[in-house]
Amino acid sequence: MDQEAIIQYITDTFAGVDVLRPSDGPGAGDTFIYYDPDGDLDRTRELPFATIVTKNYTGFDESSRLDRPGVFRLNIGVRRDTFRALFGDPPSGADAPSTDYDYAALDRLMPHPIYASQWWVCVLNPSPETFEAVKPLLADAYDRVATRHARTQARRDE
């Protein structure tokens with residue numbers, strides 16, 4: 001699977017999705033996928049439900065070794081229960097990131113090296129077979145943000 005195929009799957013499968021692909025600044029080259037059915041999302045207040053990261057962030061996020069040619073990491077913010085079913089409770093505090101994973105391994109679903117404590121999972125360069133296993137996680141992440149959006153809208157309408 002390449003990045004374009006992943007993005008195409010997400011935009012074809014999930015309604016109300018907005019894809020942000022900055023060409024400059026710190027996020028240049030990365031992809032941020034938001035649930036934004038009304039096209040009015042304040043990106044300073046909301047997080048994407050999935051991202052594709054293509055480079056290291058020096059001094060912060062280097063364990064995936066995204067500086068290798070063609071390597072990218074698909075990140076997905078799943079529900080707490082989904083994360084726990086896959087990996088148990090994430091390490092926290094001084095224990096994060098966990099040393100139980102080779103965060104540079106390709107085609108392996110694992111906790112996110114930095115954001116596992118916020119229930120994020122990731123995979124580097126997923127194969128088509130691994131991407132099939134990732135599809136329900138994307139649906140979980142999408143449903144999580146869509147449900148939260150609906151609750152927020154209902155409170156605004158009261």
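Strand 2 and strand 3 run antiparallel, joined by three bridges. This comes from a predicted model.

| Strand pair | Sense | Bridges |
|---|---|---|
| Strand 2 and strand 3 | antiparallel | three |

Now look at the faces of strand 3. In a regular strand, side chains alternate between the two faces of the sheet. Both faces of strand 3 are covered. Ala50 and Ile52 are buried on one side, Thr51 and Val53 on the other.

Next, the nonpolar cores. The largest one has 26 residues. Ile6, Phe49, Ile76 and Leu138 are among those with the most contacts inside it. Elements giving two or more residues include helix 1 (3-13), strand 3 (50-53) and strand 4 (73-77). Helix 3 gives the most, with eight residues. Leaving aside neighbours within four places in sequence, isoleucine 76 is in contact with residues including Phe49, Trp120, Val134 and Leu138. Another core, of eight residues, lies apart from the largest one. Val53, Val71, Tyr103 and Met110 are among its residues.

Aspartate 61 lies in the loop between strand 3 and strand 4. Is aspartate 61 buried or exposed? Its relative accessibility is 4%, so aspartate 61 counts as buried. The side chain of aspartate 61 makes a polar contact of 2.6 Å with that of arginine 73. Not counting residues up to four places away in sequence, aspartate 61 also touches Asn56, His112, Pro113 and Ile114.

Conventions. Residues numbered from 1 in each chain as written. Predicted model: local features only at pLDDT ≥ 70, side-chain atom pairs only at ≥ 80, totals over all residues. Heavy atoms only, no water. Core = buried A, V, L, I, M, F, W, Y, C linked by side-chain atoms within 4.5 Å. Buried < 20%, exposed > 50% of the residue type's maximum accessible area, 1.4 Å probe, protein only. Helix = DSSP H or I, 4+ residues; strand = E, 2+ residues; numbered from the N terminus. Contact = heavy atoms within 4.5 Å. Polar contact = N/O pair within 3.5 Å; in protein donor to acceptor, adjacent residues only side chain to side chain. Pairing = 2+ DSSP bridges.
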